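Please work through the exercises below with the sequence and the 3D view at hand, and try each task before you read its solution.

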Amino acid sequence: MTTASVLHPRGVLAVAGACFVALTAAVVVLGAFPADAAVRDALLALATPWVVAAMRIVNRAGDWRVLVPGTLLLFVVFRRARERWWLWVAVMATAPLLEWILKHLVGRTRPEDVSLSFPSGHSTASAAFFGAFMFLAGSLPRRACAWVRVLAVVMIVLVGMARVILRAHWPSDVLAGIALGLALAAAAGLMAARSSR
């Protein structure tokens with residue numbers, strides 16, 4: 001199995017979509033997962049002052065003030081992004097809208113607050129953005145493509161960890177946000193691939 005087949009938009013869409021649906025159904029039916037508290041406690045045990053400070057910086061990679069200029073960077077770096085610009089703009093506009101709607105439908109509160117948490121907005125946005133980077137990186141030379149994809153995955157994971165370490169979300173909120181964001185990016189990647197044929 002090659003990296004290209006693993007990162008094919010259709011496969012990512014199917015896996016991420018199924019994960020999102022399963023997590024959402026479980027949260028709606030069961031409420032809190034027993035594993036949520038255990039994973040959260042394990043991550044909070046890592047929360048030394050310097051880790052929290054670093055996570056506050058990493059957390060910005062899921063914020064619109066970084067993602068809007070980052071999306072513009074997609075158009076500078078990738079010709080394929082410029083050719084189908086409306087798809088990538090739609091992904092970045094749809095992610096927060098869909099996340100907001102889902103938060104109100106699911107109605108789950110944050111671990112230490114009464115505001116809504118499922119799915120994590122930062123995780124959704126960062127996964128959509130870095131997921132787009134992963135799909136668009138397919139046009140780069142092989143070694144550069146691999147490095148961009150590894151960096152994108154690392155950033156998605158770090159933003160997710162930051163949301164838990166900063167006490168903003170349950171781990172399942174983060175996983176659902178990542179799944180939703182990757183599904184959106186994969187859907188755009190699939191549409192871009194189909195429209196370029």
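This is a predicted model: local features need pLDDT of at least 70, side-chain atom pairs count only at pLDDT 80 or more; totals for chains, interfaces and linings use all residues.

Residues are numbered from 1 along each chain as its sequence is written, and side-chain values use heavy atoms, with hydrogens and water left out.

**Exercise 1.** Determine how H5 and H7 are oriented towards each other.

Solution. Begin with the description itself: two packed helices are described by the angle between their axes and the distance between the axes. Helices here are DSSP runs of H or I with at least four residues, numbered from the N terminus. Helix H5 covers residues 64-77, and its axis lies 11 Å from that of H7, at an angle of about 160°; axes are lines fitted to C-alpha atoms over the stretch in contact, and angles run from 0 to 180 degrees between N-to-C directions. Since angles over 145 degrees count as roughly antiparallel, H5 and H7 are therefore roughly antiparallel to each other.

Next, look at the residues that meet, where contact means heavy atoms within 4.5 Å. Leu67, Thr71 and Phe75 in H5 meet Trp85, Trp88, Val89 and Met92 in H7. Sorted by class, this contact has six nonpolar residues, one polar residue and no charged ones; Ala, Val, Leu, Ile, Met, Phe, Trp, Tyr, Cys and Pro count as nonpolar, Asp, Glu, Lys and Arg as charged, and the others, Gly among them, as polar.

**Exercise 2.** Decide whether Val89 is buried, partly exposed or exposed.

Solution. Val89 belongs to helix H7, residues 85-106. Buried means under 20% relative accessible area, exposed over 50%, and partly exposed in between, with a 1.4 Å probe and protein chains only. Val89 has a relative accessible area of 35%, so Val89 is partly exposed.

**Exercise 3.** Where is Ser120 placed, and which residues does Ser120 touch?

Solution. Ser120 sits in the loop between H7 and H8, and with 0% relative accessibility Ser120 counts as buried. Not counting residues up to four places away in sequence, Ser120 touches Glu99, Arg163, His169, Asp173, Val174 and Gly177.

**Exercise 4.** How many disulfides does the structure hold?

Solution. A disulfide is a pair of cysteine sulfur atoms within 2.5 Å, and the structure holds zero disulfides. Cys19 is partly exposed at 38% relative accessible area, whereas Cys145 is buried at 9%.

Methods:
Helices (H or I, at least four residues) and strands (E, at least two) are DSSP runs, numbered from the N terminus. Angles under 35 degrees count as roughly parallel, over 145 as roughly antiparallel, 65 to 115 as roughly perpendicular and the rest as oblique.
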